[in-house]
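Work through the exercises below with the sequence and the 3D structure open. Try each task before reading its solution.

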Amino acid sequence: MVRILDTTLREGEQTPGVCFDNHIKLAIADMLDHVGVDIIETGHPVVTAEIEHSVRQIASRGLAPLIGAHARSLRRDIDVALNCGVGFLGIFYCVSNDRLQHHQTTLPRVIEKITEMVAYARSGNPRLRIRYTPEDTVRSEWENVVEAASEAVRAGADIISVADTTGYMIPGTKRSMYDYVSRLRDDLAVRSAFPQIAVHCHNDRGLALANALDGYRAGAEIIDATVLGLGERAGLVDLATLLAVLQSDFNEGQHWNLRELPRLYDTVSRYAGMEIPPLMPLSGKNVFTHCAGIHTQAALKNPLHYQSLDPGIIGREAEIALDHMSGNAAVLFALEKIGRGGLSPEHTERVIGKVKETGRMGRVVNQDELRHIVNFITNERENPLDRQPDHRLFTFADPQG
Ligand SMILES: [Zn+2]
């Protein structure tokens with residue numbers, strides 16, 4: 001069973017311009033608890049007093065997920081994090097030759113530091129889950145990573161995180177996360193180190209989810225994600241897409257409550273000041289909407305003809321958009337939907353013409369506008385006070401849902 005680590009509150013806040021108030025962080029943590037993620041990474045408490053306060057409050061809230069914090073390989077970072085009462089601590093230190101030179105240090109000295117700090121954290125809380133991350137793992141020298149990781153495990157680390165910090169990996173090539181995770185596990189086993197493996201995949205090449213699934217297929221036990229894929233640069237794996245794919249296609253996480261995701265996404269989007277892109281898988285407003293005439297005609301008979309993911313898993317419905325691409329079947333369906341079926345063939349034809357004309361102006365006809373079009377074509381009057389405007393599109397029941 002794979003575990004999901006959400007780092008919206010830590011990595012997500014590294015998105016330029018994103019800073020959540022502590023009351024919003026608390027609300028997000030509560031929602032993540034409802035969704036059913038396993039670990040919530042809440043921040044790097046030594047950075048500011050506000051973050052420290054937020055980590056402490058979330059850690060003492062009695063939520064089901066393990067509450068985690070970030071720490072550099074420094075006593076002070078670890079002290080502050082443990083003082084907050086977290087059950088999970090992520091310690092990071094880069095071991096690439098390039099960085100070692102830059103910091104004018106050597107691998108043995110760095111490993112001594114890492115193991116000292118892991119052991120220090122372990123002594124502070126015997127039940128703490130400790131993760132060691134060699135930053136930019138996948139571009140660091142292999143021997144350095146294996147050496148540092150195995151020593152960290154010997155000192156008490158439970159988890160080694162494979163960080164694709166720059167979104168460098170590409171499935172099916174020499175830079176495959178599948179191969180990396182498999183080989184790392186084998187080489188660590190040779191050194192009698194058997195940690196859990198986590199994967200932290202950035203999306204610089206748009207391959208974060210593909211790489212995360214590659215790591216998962218190789219046996220990674222923990223996958224990092226954020227709401228909306230927030231994070232440094234192109235961000236991280238998107239939580240909703242990851243959960244939906246794992247649940248629908250890999251039979252994981254049947255206890256996850258994906259129907260909580262729209263509320264979580266709405267909250268994060270609002271307070272991160274970021275619109276949800278309309279084409280974003282699972283969460284975008286367009287992603288369960290059928291448009292072209294041939295598609296809508298087939299989808300109305302059986303949605304599976306043009307969709308492979310059930311919108312019901314996150315509490316959404318398939319819908320039809322009316323615009324210049326719409327055919328007769330879609331317009332007739334939409335007319336029934338607003339209770340204006342049974343128009344004369346001549347009126348129906350003119351309604352279809354008007355819908356297409358409106359679409360050519362770059363607008364999608366919603367329920368409200370379709371009523372206006374019908375009233376215009378039939379020259380009927382409707383008391384505008386009789387109903388509330390309805391700007392939704394035209395939903396249809398999904399037989400899977
Ligand atoms: Zn990251």
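**Exercise 1.** Find what covers the buried residues of α2.

*Solution.* The cover includes α1 (22-35) and β3 (66-72). Helices (H or I, at least four residues) and strands (E, at least two) are DSSP runs, numbered from the N terminus. Contact requires C-beta atoms, placed from the backbone, within 7 Å. Next, list what is covered: in helix α2 (residues 49-59) the buried residues are Ile51, Ser54, Val55, Arg56, Ile58 and Ala59. A residue is buried if 20 or more other C-beta atoms lie within 10 Å of its own, exposed if 12 or fewer, and partly exposed in between.

Two notes on the model. It is predicted, so local features need pLDDT of at least 70 and side-chain atom pairs pLDDT 80 or more, while totals for chains, interfaces and linings use all residues. Residues are numbered from 1 along each chain as its sequence is written.

**Exercise 2.** State how the axes of helix α5 (residues 107-124) and α6 cross.

*Solution.* The two axes, lines fitted to C-alpha atoms over the stretch in contact, come within 8 Å and cross at roughly 25 degrees. Therefore α5 is roughly parallel to α6, the term for angles under 35 degrees. Among the contact residues are Ile111 and Val118 of α5 and Ala148 and Ala152 of α6.

**Exercise 3.** Which residues outside its sequence neighbourhood does Ala212 contact?

*Solution.* Leave aside neighbours within four places in sequence; Val199, Cys201, Ile223, Val237 and Leu242 remain.

Conventions:
Contact = placed C-beta atoms within 7 Å. Axes fitted to C-alpha atoms, helices over the stretch in contact; angles between N-to-C directions. Parallel < 35°, antiparallel > 145°, perpendicular 65-115°, else oblique.
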